[in-house]
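Hi everyone, thanks for coming. I'd like to walk you through one structure today, so please have a look at it before I start.

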Amino acid sequence: MQATRRLLTFLRPYWLWAVLAPLAMMLEVAMDLLQPWLVARIIDDGIAQQDAAFIFQTSGQMVIAALIGLVGGMACTVFAVLAAQGFGVDLRHALFGKVQTLSFGNLDQLETGKLITRLTNDVTQVQELVMMALRIMVRAPLLMVGSVVMAFLTSPQLALLFFVLLPAILLLLVWVIRKSLPLFAGVQQRLDALNIVMQENLAGVRVVKAFVRGDHERERFGVANDALMEQNLRAVRTMAVTMPLVTFTLNAGVVAALWFGGVQVQQGSLQVGQVVAFINYLTQALMALTMVSMLVMRVARAEASAVRIEEVFDSEPRVQ
């Protein structure tokens, strides 16, 4: 993560958008956390008491909350895109300027195809991470913490389920990070090799045709292309276990909440609306962790790209 943090200095000129995006996201999260509580009131105070006026009044509050959350979510997306696009433009410009200062020895070492990848694909990976960070990296922790707090306020007994479910998912995410980071670094290296073949072939196309080496070049490209595909598959297979296991944990939590909540409803210590609200908060908390797992994939890939970009910035011209 050190390389990624160093590159985030390019976000400073766009600090206003980077601050407004999380603030707008906080508004959306607050409205999302309000919805299950309003549903519980409709069930327990409206439907149970057969109070139609209360039901319509609370339903109107839910609609207003949803509209406010919609505005917050849209504003967050706009601000995040503005910040990320500005970040990408400045980073790409600085990287291209650095390449212009390097000597022939540096360029031979870094290779043209690899430099093309770093100026395009690698910058894009880091830029997309910035955009996701300003949205999901803010939304997921706030939603998870807020859902856990609201779940404890709704039913402290049922909230004990979080002490079982959250550590299990966190251990899974730590394992995914450790496995995926080197795999995505390998993906970028295979992409380098593919770009090198394309660059050499296009730059020397007259020589290739003059010596009738088209079949040989197609074979070189095929080897590099297959290697990239195989490395991508290895990385994707590692990440593929994340969503099914998180979904299984979520469903197991919902079943446990229904079971223990139903027992408490029969005993009269809990109301039906509270059980419904708790399940909503449980789902929101675990889905927030699912968003974190998606972000983990992006972070792993972006960190590999950030390291490669830093390698260019750290290069010193051999000829002064």
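So, how many aromatic pairs does the structure hold? The structure holds 4 aromatic pairs. Before I go through two of them, some housekeeping. This is a predicted model, in which local features need pLDDT of at least 70 and side-chain atom pairs count only at pLDDT 80 or more, while totals for chains, interfaces and linings use all residues. Residues are numbered from 1 along each chain as its sequence is written, and side-chain values use heavy atoms, with hydrogens and water left out.

Now, the rings. A pair means rings of Phe, Tyr and Trp (its six-membered ring) with centres within 6.5 Å; planes under 30 degrees apart count as stacked, over 60 as edge-to-face and the rest as tilted. One of the pairs is F10 with F313: the ring centres are 6.0 Å apart and the planes sit at 25°, so this pair is stacked. F10 lies in the loop between α1 (2-7) and α2, and F313 in helix α10 (residues 272-313), so the pair ties together parts that are 303 residues apart in sequence. When I say helix, I mean a DSSP run of H or I with at least four residues, numbered from the N terminus.

Another pair is W17 with F79, also stacked, at 5.6 Å centre to centre and 15° between the planes. W17 is in helix α2 and F79 in helix α3, 62 residues apart, so this pair links distant parts of the chain too. W17 is partly exposed, with a relative accessible area of 30%. The scale here is buried for under 20% relative accessible area, exposed for over 50%, and partly exposed in between (1.4 Å probe, protein chains only).

How do α2 and α3 cross, and at roughly what angle? The axes of α2 (residues 15-47) and α3 (residues 52-101) come within 7 Å and cross at roughly 165°. Axes are lines fitted to C-alpha atoms, for helices over the stretch in contact, and angles run from 0 to 180 degrees between N-to-C directions. The two helices are therefore roughly antiparallel; angles over 145 degrees get that label, under 35 count as roughly parallel, 65 to 115 as roughly perpendicular and the rest as oblique. The crossing of α2 and α3 is left-handed, meaning that the near helix is turned anticlockwise from the far one by less than a right angle (clockwise would be right-handed). By class, the residues of this contact divide into 25 nonpolar, 8 polar and 3 charged. Nonpolar covers Ala, Val, Leu, Ile, Met, Phe, Trp, Tyr, Cys and Pro, charged covers Asp, Glu, Lys and Arg, and the others, Gly among them, are polar.

Let's zoom in on Q35 in α2. Is Q35 buried or exposed? Q35 counts as buried, at 18% relative accessibility. Leaving aside residues up to four places away in sequence, Q35 touches M62, A65 and A66, where contact means heavy atoms within 4.5 Å. In the loop between α2 and α3 we find Q50, which is exposed at 72% relative accessible area. Phi of Q50 is near 55°, a positive value in a residue other than glycine. Most residues other than glycine have a negative phi.

V212 has a positive phi as well, near 50°. V212 sits in the loop between α7 (205-210) and α8, and counts as exposed at 72% relative accessibility.

On to α6 and α8 (residues 214-240), which pack at about 165° with their axes 9 Å apart. That makes α6 roughly antiparallel to α8, and the crossing is left-handed. Their contact has 16 nonpolar, 7 polar and 6 charged residues. F184, in helix α6, is buried with a relative accessible area of 7%. Beyond residues up to four places away in sequence, F184 touches A235, M239, M297, A300, R301 and A304.

The axes of α8 and α9 (residues 242-267) come within 5 Å and cross at roughly 5°, which makes α8 roughly parallel to α9. T238, M239 and A240 in α8 meet T242, M243 and P244 in α9.

Last stop: S155, in the loop between α5 (112-154) and α6 (162-203). S155 counts as buried at 0% relative accessibility, and touches Q264, L270 and F278, again not counting residues up to four places away in sequence.
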